[in-house]
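Please consult the sequence and structure below alongside the text.

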Amino acid sequence: MGTDLAVRKAEARKAAFARRKAAHAEGQGAVGAARLLELLEPYGGKTISGFLPIRTEIDPRPAMTKMAESSFITVPVIEGAGLPLKFSQWTPGCALIDGPFGAQIPAEARYLEPEVLIVPLVAFDRTGNRLGYGGGFYDRTLERLRAIRKTIAIGFAFSAQEDNDLPLEETDQPLDFIVTEKEIVRF
Ligand SMILES: Nc1nc2c(c(=O)[nH]1)N(C=O)[C@@H](CNc1ccc(C(=O)N[C@@H](CCC(=O)O)C(=O)O)cc1)CN2
Ligand SMILES: Nc1ncnc2c1ncn2[C@@H]1O[C@H](COP(=O)(O)OP(=O)(O)OP(=O)(O)O)[C@@H](O)[C@H]1O
């Protein structure tokens, strides 16, 4: 990655974190989770990945809890830098331990391959591009899963995380949907 692109990504992340923090404080996350559930319901029975929120990320757990009645729900587990994520089964209230980078993971690992992924992000645009924390974890993971079978990526974020001047890269994997507390957008 060129220096210019790295600097532009760092600036876009910093600005989006500030907007995310303000949106988190407004407390509309549950509205977003209700929209997310509406989008997920037709995928009942499939293996779905969610995430356990860190810092001021929007919280998908209400939708994950409801979908756990009909589907296997998983959360991401980092295996190492430069490697795709693995996904371990999560059930409401299951025992958790601290994973790398501050995200929690299930204490007992049971790995499954999700077909539908709720993808955390720092910033997104209206054409389905996303910017993450910079590890390339979701980009590598979606590339791998999509090489095996049709895989749906649902970005879940606060509306304030939209940025229509995102710095992009060849390796970025597109989203199929973005869900916020304001809307569901399909690409
Ligand atoms: N909830 C959640 N879980 C997740 C992810 C995520 O984005 N959200 N991940 C998606 O890949 C993986 C964790 N990836 C991460 C990669 C890098 C950093 C990181 O660099 N954190 C820095 C500073 C960034 C900041 O200010 O937020 C730090 O913790 O100091 C954090 C998480 C797996 N689990
Ligand atoms: N499929 C891939 N194969 C090889 N390198 C990749 C792949 N995807 C991303 N990368 C590299 O990983 C680094 C981080 O990527 P990027 O900045 O796009 O991550 P991100 O989208 O912010 O993070 P994440 O996907 O973890 O949420 C970049 O140097 C990028 O070129």
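## Ligand 2: polar contacts and burial

A polar side-chain atom of E169 and an oxygen atom of ligand 2 are 2.8 Å apart, a polar contact in the sense of a pair of N or O atoms within 3.5 Å (within protein, one must be able to donate a hydrogen and the other to accept it, and residues adjacent in sequence count only if both atoms are side-chain atoms). Taken alone, ligand 2 exposes 640 Å², of which the protein buries 82%; accessible areas come from the Shrake-Rupley method with a 1.4 Å probe, and for residues only the protein chains shown count as cover. The side chain of R130 places an N or O atom 2.6 Å from an oxygen atom of ligand 2, and a backbone N or O atom of Y138 lies 3.1 Å from an oxygen atom of this ligand.

## Basis of the model

The model is predicted: local features need pLDDT of at least 70 and side-chain atom pairs count only at pLDDT 80 or more, whereas totals for chains, interfaces and linings use all residues. Residues are numbered from 1 along each chain as its sequence is written, chains are lettered from A and ligands numbered from 1 in the order in which they are written, and side-chain values use heavy atoms, with hydrogens and water left out.

## The shell around ligand 2

Ligand 2 is surrounded by 17 residues, the closest being K9, R130, G132, F137 and E169; a residue is counted if one of its heavy atoms lies within 4 Å. By class, this shell holds 4 nonpolar, 5 polar and 8 charged residues. Here Ala, Val, Leu, Ile, Met, Phe, Trp, Tyr, Cys and Pro count as nonpolar, Asp, Glu, Lys and Arg as charged, and the others, Gly among them, as polar.

Helices α1 and α4 (137-148) each supply at least two residues of the shell, and α4 gives the most, with 5 residues. Helices are DSSP runs (H or I, at least four residues), numbered from the N terminus.

## Ligand 1

Around ligand 1 there are 15 residues, of which F17, L52, R55, E57 and Y133 come nearest. By class, they comprise 13 nonpolar, no polar and 2 charged residues.

An oxygen atom of ligand 1 is 2.5 Å from an N or O atom in the side chain of R55. Nitrogen atoms of ligand 1 are approached by a polar side-chain atom of E57 at 2.7 Å and by a backbone N or O atom of L52 at 2.8 Å. Taken alone, ligand 1 exposes 690 Å², and the protein buries 75% of that.

## Salt bridges

The whole structure contains 11 salt bridges, each a side-chain nitrogen of Lys or Arg within 4 Å of a carboxyl oxygen of Asp or Glu. One of them joins D4 to R8, with the closest N and O atoms 4.0 Å apart. Both residues lie in helix α1 (residues 3-26), 4 residues apart, about one turn of the helix.
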